[in-house]
Amino acid sequence: MSEVEGPLVVAVPPLLAGVRVDRAVAMLADVSRSVATGLIAAGRVMVDGHVVAVGRTTLTEGAILTVTLPETWDEDVEAEADVAFEVVYADAEVAVVNKPAGLVVHPGAGHQLGTLVGGLLSRFPDLAALVASGICPADRPGIVHRLDKGTSGLLAVARTELAYHALVGQLADRSMVRRYIALVEGNVLDDRGEIDAPIGRSTRTPTKMAVSASGRAARTGFTVLARYSVPRPTTLVELKLQSGRTHQIRVHMAAIGHPVVGDARYGTPERALGSGRFFLHAFRLEFTHPASGERMDFSAPLPDDLSAFLGSLMDTEDVGVEGEGG
C-alpha cells in the first residue's frame, strides 16, 4: 500500500490564496520544498491547466492546482547498511522481511534515504540486477507490494526475474494471502464481515484517500478477535486483503466508523503509540514458492509497542471466532 496514488487536483482554498506555488505543493503533497521545486521544474505542476514556470508564482482562491507525482523515481538507490529490519526467510529466489513501523519501503517524495530498499540492497546486492535488466523500476528492486510507513509487518521480496513475475501474478490472482491485525476504535458489532467499497483520492482533502464511486474496486474481510471497554471501547480485528489500494484498511475501517487506533490521518492520534504510529501489523503472509511450487506460510508476532499497548487494555470479551477474515 503506497502513500501516493494518482495526481493531486485541488481547488485552492482561501487559506492558500496568495501563497507561493512551491510552498503550496510542499504542503499538499507532503514533500520538502526542494522536491516541490523539482516537480515544478519537471513540468509536473499546473494551475488552471497551465504549467507553472516558476515556484514563486502566487495562487489565487478557486484556481485548480494539479500536481502529478511520479509513480517511480529514476535515480538508482544506494545500498544502506544501517537500515534496520528483520530477515524472516531468504533463499536464492525470494526473501521475506519484517518491516518495523516508521520505515518507508521505497524512495519517494521527501524520502530519498533511510528506506527499506536501501537496506535490502545492502543485504541482497543481487537485487540491483533486476533494475539493470529492466525488470523493476530503479527505486523498487524486488518490491512487489508495500506497507505504509506507520504499519509494521511482513513483505515478500523477489530476488530473480522468475520470482518477480510469479509474485506479481499471485498478487493479481489473489493467491498471495496477506493478513493483518488491527485495533480499531469503537465496538465492531458483527463478528465477521466484508467491506466492499471502491477507493480513490478524496475530493475534500487531496492528500487523503476515501471511499469513492469513481475509485478503484477494493475489498477487505474482517474477523473480530476481541472487544475491550477500558479505557474506551476498542475492537481487535484480523483483516484479509482482497485487493491492495492505497491506505485500504485504514480507509475502509474509518468508512464504517471504526478507524485504526492511532491513525492521525483517518482518525485520532494515540500518544501512547507515538507520532506516526498506528495499531496495524501485517502478521501473516502466504504464497507459492516461484521455483519449488511449495506453499510458503510466514507469521510475525505483534511488535513490542503494540503488545504493550494491547496489554494495557481491560475488560476483554474473547469472541472465539476461528478461520479466515473474509
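Which residues have the most contacts inside the largest nonpolar core?

## The cores

They are Leu120, Leu183, Phe279 and Phe287, in a core of 65 residues. A second, separate core has 23 residues, including Val19, Leu39, Val47 and Ala63. A nonpolar core here is a set of buried Ala, Val, Leu, Ile, Met, Phe, Trp, Tyr and Cys residues joined through side-chain atoms within 4.5 Å. Buried means under 20% relative accessible area, exposed over 50%, and partly exposed in between (1.4 Å probe, protein chains only).

This is a predicted model: local features need pLDDT of at least 70, side-chain atom pairs count only at pLDDT 80 or more, and totals for chains, interfaces and linings use all residues. Residues are numbered from 1 along each chain as its sequence is written, and side-chain values use heavy atoms, leaving out hydrogens and water.

## Strands around E4

Strand E4 (residues 64-67) runs antiparallel to E1 (residues 8-11), joined by four bridges. Strands are DSSP runs of E, at least two residues, and helices are runs of H or I, at least four, numbered from the N terminus; two strands pair if DSSP finds at least two bridges between them. Alanine 11 sits opposite isoleucine 64.

E4 also pairs with E2 (residues 45-47), antiparallel over three bridges. There, valine 47 has leucine 65 as its bridge partner.

Most residues other than glycine have a negative phi, and most peptide bonds are trans. Aspartate 48 has a positive phi of about 55°, and is partly exposed at 46%. Arginine 174 also has a positive phi, near 65°. The bond from valine 230 to proline 231 is cis, with omega near 10°.
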